[in-house]
Structures are given as C-alpha cells and as structure tokens.
Amino acid sequence: MSSKPRVAVLGARGRMGSEAVKAVTAAEDMELVAALDRDEKRETLTEAGAEVAVDLTHPDAVMGNLEFCVRNGIHAVVGTTGWTDERLATVRGWLAGSPATGVLIAPNFGIGAVLTMHFARQAARFFESVEIVELHHPGKADAPSGTAVRTARIIAEARRAAGCPPAPDATTTALDGARGAEVDGVPVHAVRLRGLVAHQEVLFGDEGEIFTLRHDSMNRGSFMPGVLLGIRRIGQTPGLTVGLEHFMDLGS
Ligand SMILES: NC(=O)C1=CN([C@@H]2O[C@H](COP(=O)(O)OP(=O)(O)OC[C@H]3O[C@@H](n4cnc5c(N)ncnc54)[C@H](OP(=O)(O)O)[C@@H]3O)[C@@H](O)[C@H]2O)C=CC1
Ligand SMILES: O=C(O)C1=N[C@H](C(=O)O)C[C@H](O)C1
C-alpha cells in the first residue's frame, strides 16, 4: 500500500458516508480518490486506483461491494450492518483466494461503543440478569442494531464460558415484542426516536444492585476517529477482522 493510502468511500452521500468523505479529505496521511453512491459503478474503484474502500451503504449492498473489493485486492473497512455467521463465512471464503487483502468489519467505530463491548464482556459473568436497550434515529434500516447484536453475543459467550445459568424471567404471557428480541439468550430492545443518533445501554442486575454501561454517539463525527484508525491499520492486517477492538491494543 502507498505511504498515503488511496481511499474510496461507498455510500458517500449517506449520513455516515458524507462524514467519512469529510474526515478522509481532512486527514493528511491519506488521499480520497473516489466517492461512490447508489447506481455508480464499482469499476470506478479500480479505475481510481483505490487501495482501501470504506463501505457505509446498506446490508443489501455490502456483500456485492466486498466481493468486488476482495477480488481486486482492495482492502475494506466496513461499517455497514447486517452481518450473520453465514455472511462472515462467505467473506472468509473470498479472502482465501486473495490472502494479502484485509477486511475489517466494525459493528461500531465509536471508541466508547467499543469500550462498552469490552467492559460488558468483563462484567457478564458477575450478574444474574442482563438486558440491552439500543436507541437510534428513525432513519435506521435494521433492528436491532449491529452493535447490540454483537454486544449480546459477546455477553452470551462470556456467560457460557463462566457456566452462568440463563437469566431469571417468570414471564409466561407477553405481547409480541414486549420482551424484546432474544439474541443468543440476551433480550435486546430497540427504540427508534426522532432526535436520537446512536445510543446503547447494557443493564446488568443482581440482588440489590444494578450496573449500567451506557454509550451515546451525539453526532456522526464521533465515529470518524475509528474509521480513520481502520483505514490506517487494515493494509497491515490481511484476512478478516471483526471488531475495531483488535486495532485498539485493549489487552484482555
Ligand atoms: N459501524 C458504525 O460505527 C456505524 C455503522 N452504520 C451503518 O452504516 C450503514 C449506513 O448508515 P447511514 O449512513 O446511516 O445510512 P444512509 O442511508 O444515510 O446512507 C447509506 C448510503 O448508501 C447508499 N447506498 C445504498 N445502496 C448502495 C449501493 N448499492 N452502493 C452504493 N451506495 C449505496 C444510500 O443511497 P440511497 O439513499 O439512495 O439508498 C445512501 O446514500 C448502516 O448499515 C448503518 O447501520 C452507521 C453508523 C455507524
Ligand atoms: O445505523 C446507525 O446509525 C448505526 N448503526 C450501527 C449499528 O447498527 O450498530 C452503529 C451505530 O449504532 C449507528
């Protein structure tokens, strides 16, 4: 990769993409060479000589974009949501055919959001109960958020490893959705409200105490240090990396 990575943004007219265009343009150690949105052809990436593509599009679009990038040896920094184990396995398969290429999938670029997940992993085994509430702007396409799904999986994995029993819940009758969506055994509640940007609470409870981890992104600029970190590191990180924490030297 060049000493100044040549960067393209996909989804460049969107809420996140337009911020990323500004952030990459303002960063002195990288160069914006393409800004693509819906209906613009992916070949622009190769024509522009892009070395890193930042995908901030839509769950329906991201797989096609990534296949193109990996096939052409373009590293990818992905914020777009909609990830399942099957999708991740497909990306790993593409990368097997292009072993020098790196793909970072970051459920959340917010440094505080990554720390929330890190601390949630540590707290998970100490409390009987855990639930997640994520709160977002009403323009969001997917529910629950990718961050909430990832947080729930991290918590569930830590609780399984520690041999924790399921959280107590005496509910026998409920309206559909009243107890949220169950992600790996963790209830996740999604709020969509005008005025919000991106927020999450992880609630841990035990006899006589509640422990709450909360993160608030007040604007989309809050995600940009994480996006730039991903661009700076992905060229030296071949293969699939899931989660920005792997670039943050957090230790255990
Ligand atoms: N990881 C993180 O930290 C964050 C991740 N996100 C995620 O990023 C994604 C984008 O979010 P947001 O910016 O709010 O969404 P927006 O809808 O504002 O932006 C998405 C942009 O991508 C465009 N687009 C849709 N399909 C394609 C395509 N096939 N090729 C190129 N561009 C396309 C859209 O065009 P059109 O409007 O015409 O559909 C739009 O301009 C979501 O999945 C969201 O959850 C968001 C915030 C932070
Ligand atoms: O769509 C959003 O806005 C966000 N999407 C990501 C998610 O689904 O977790 C990250 C952040 O929550 C903002």
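UniProt positions are given in the numbering used here, and annotations may be inferred rather than shown by experiment.

**View 1. The two annotated regions of the predicted model.** This is a predicted model, and the legends that follow describe close-up views of it. The UniProt record, an unreviewed entry, carries the annotation "domain: Dihydrodipicolinate reductase N-terminal" for residues 6-109, and the annotation "domain: Dihydrodipicolinate reductase C-terminal" for residues 112-247. Over residues 6-109 the chain is 38% helix and 22% strand, with 20 Å between the end C-alpha atoms. Over residues 112-247 helix accounts for 29% and strand likewise for 29%, while the end C-alpha atoms are 14 Å apart.

View 2. The domain assignment of the protein chain gives domain 1, made of residues 6-109 together with 221-247, and domain 2, made of residues 111-218. Between the C-alpha centres of domain 1 and domain 2 there is a distance of 27 Å. To the contact between them domain 1 contributes 12 residues and domain 2 contributes 15 residues.

**View 3. Helices H3 and H4.** Helix H3 spans residues 62-71 and helix H4 spans residues 85-96, and their axes come within 10 Å of each other and cross at roughly 15°. Because angles under 35 degrees count as roughly parallel, H3 is described as roughly parallel to H4. The crossing of these two helices, H3 and H4, is right-handed. On the H3 side the contact is made by Val62, Met63, Leu66, Glu67 and Val70, and on the H4 side by Arg87, Thr90, Val91, Trp94 and Leu95. Sorted by class, the contact of H3 with H4 consists of 7 nonpolar, 1 polar and 2 charged residues.

**View 4. Helices H5 and H6.** The axes of helix H5, residues 111-123, and helix H6, residues 146-161, come within 8 Å and cross at roughly 25°. H5 and H6 are therefore roughly parallel to each other, and their crossing is right-handed. In this view Met117, Ala120 and Arg121 of H5 meet Thr147, Arg150, Thr151, Ile154, Ile155, Glu157 and Ala158 of H6. By class, the residues in the contact of H5 with H6 are 5 nonpolar, 2 polar and 3 charged.

**View 5. Helices H1 and H7.** Helix H1 covers residues 15-26 and helix H7 covers residues 224-234, and the two axes come within 10 Å while crossing at roughly 65°. As with the views above, the handedness can be stated: H1 passes H7 in a right-handed crossing. From H1, the residues Met16, Glu19, Ala20, Ala23 and Val24 meet Met224, Leu228 and Ile231 from H7. The contact of H1 with H7 has 7 nonpolar residues, no polar residues and 1 charged residue.

**View 6. The cis peptide bond at proline 144.** Alanine 143 and proline 144 are joined by a cis peptide bond, for which omega is about -5°. Proline 144 is placed in the loop between strand S6, residues 129-136, and helix H6, the helix that meets H5 through residues including Thr147 and Arg150.

**View 7. Aspartate 39 in its loop.** Aspartate 39 has a phi near 70°, which is a positive value in a residue other than glycine. The loop that holds aspartate 39 runs between strand S2, residues 31-36, and helix H2, residues 43-47.

Methods
Residues numbered from 1 in each chain as written. Chains lettered and ligands numbered in written order. Predicted model: local features only at pLDDT ≥ 70, side-chain atom pairs only at ≥ 80, totals over all residues. Heavy atoms only, no water. Helix = DSSP H or I, 4+ residues; strand = E, 2+ residues; numbered from the N terminus. Axes fitted to C-alpha atoms, helices over the stretch in contact; angles between N-to-C directions. Parallel < 35°, antiparallel > 145°, perpendicular 65-115°, else oblique. Left-handed = near helix turned anticlockwise from the far one by under 90°. Contact = heavy atoms within 4.5 Å. Nonpolar A, V, L, I, M, F, W, Y, C, P; charged D, E, K, R; others polar. Domains from an automatic or database assignment.
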